[in-house]
Amino acid sequence: MKVTLERTALLKSLGHVHRVVERRTTIPILSNVLLSASGGGLQLKATDLDLEVTETTPADVSQPGATTLPAHTLYEIVRKLPDGAQVSLESGDDSGQLQLRSGRSRFSLQALPESDFPDLAAGELSHSFKLGAGELKRLLDKTQFAISNEETRYYLNGVFLHVTEVDGKSLLRAVATDGHRLARLETPAPAGAAGMPGVIVPRKAVAEVQKLIEDPEAEISIELSSAKIRFTLGSVVLTSKLIDGSFPDYARVIPPSNDKFLTVERKDFSDAVDRVSTISSERGRAVKLSVADGKLVLSVTNPDSGSAVEELEVDYDAPALEIGFNARYLIDIANQLDSDTALFKMNDSGSPTIIQDRDGASALYVLMPMRV
């Protein structure tokens, strides 16, 4: 194989694919990136056996061929080369080495044969549709913070994507929950999404797609089956296994009849929660909300370090209510809202609370209360 290309183009592609490679793995070939030169391009591929990212970048191919190199080492070498440099990659048939040349720099890198590199065969992908990159990023950005980290509840370790009918409209909905909080966001279902299976996209795949979206105006092709999903973003193709499990019936935890409405300035509320929670215990993180007659009192009591109280003016004309929440969860949700105000729909101190930008907003958050 002999190929020459721009350092900038190679670095960009390596940046897209090398993140998939785990730094610690017991299978040596999984530490490598597959380089395949043919036609007028160099294809780079990396995988961890659950997730695979490929990208083809323009290159001057003198001799077609393929080999694999340590992904993180290659990325660091190319990153440290000067801007505007040309990079030459050349490997013989049997030496097990690849020569990387750029200007006066010479590197001889240990290669592994491309025949050892695993292929994450996607199989038949039964459904396909296109979605704006900005819309997909919004679906993932606004829900991924609620993904569970508990490996025992593996079916909560991702974002649940599915199509649902609401008032005769077909919606593509993204949901994530960790049992303490729930995030739900929806957008009109694109053509081709009808009848797709509900799928759970793993946390790592969600994070990679978020990083790969660079142009919100672009269009992303999504293909999926009940076992795999593939995102095509320009020259980058990300294929991932899906979580094999049943997402819980999340509609059951969204309370239908919360009738105590509280409206508060979002940033003032978030900042106040942040301030009073400074003295909360790391384990508890509980903040108490006491609301009555247009006034909200936030309070934290910690036997070890004291107490804190802050008062906010709010719009509230229901009976007085006291309820406790995890401060970190309140701030996380407040940061996801788009408008200047936050709407809390509450019932009593022991029931889940709904938080939205406004009534009927496309993003809806549910938060379980804490004892305080």
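Predicted model: local features only at pLDDT ≥ 70, side-chain atom pairs only at ≥ 80, totals over all residues.
Helices α3 and α4 sit oblique to each other, because their axes cross at roughly 140°, and an angle counts as roughly antiparallel over 145 degrees.

To place the two helices: α3 covers residues 133-141, and α4 covers residues 203-212. Their axes come within 10 Å. The crossing of this pair is left-handed.

Which residues of α3 meet α4? On the α3 side they are Leu136, Lys137, Leu140 and Asp141. They meet Val206, Val209 and Gln210 in α4. Sorted by class, the residues of this contact are four nonpolar, one polar and two charged.

Now the second pair, α5 and α6. Helix α5 runs over residues 266-276, and helix α6 over residues 327-336. Here the axes come within 9 Å. At what angle do they cross? Roughly 155°. Angles over 145 degrees count as roughly antiparallel, so α5 and α6 are roughly antiparallel to each other. The crossing of α5 and α6 is left-handed.

For the contact itself, α5 contributes Arg266, Phe269, Ser270, Val273 and Asp274. From α6 come Ala327, Leu330, Ile331, Ala334 and Asn335. The classes here are six nonpolar, two polar and two charged residues.

To recap: α3 and α4 are oblique, α5 and α6 are roughly antiparallel.

Definitions and conventions. Residues numbered from 1 in each chain as written. Heavy atoms only, no water. Axes fitted to C-alpha atoms, helices over the stretch in contact; angles between N-to-C directions. Helix = DSSP H or I, 4+ residues; strand = E, 2+ residues; numbered from the N terminus. Parallel < 35°, antiparallel > 145°, perpendicular 65-115°, else oblique. Left-handed = near helix turned anticlockwise from the far one by under 90°. Contact = heavy atoms within 4.5 Å. Nonpolar A, V, L, I, M, F, W, Y, C, P; charged D, E, K, R; others polar.
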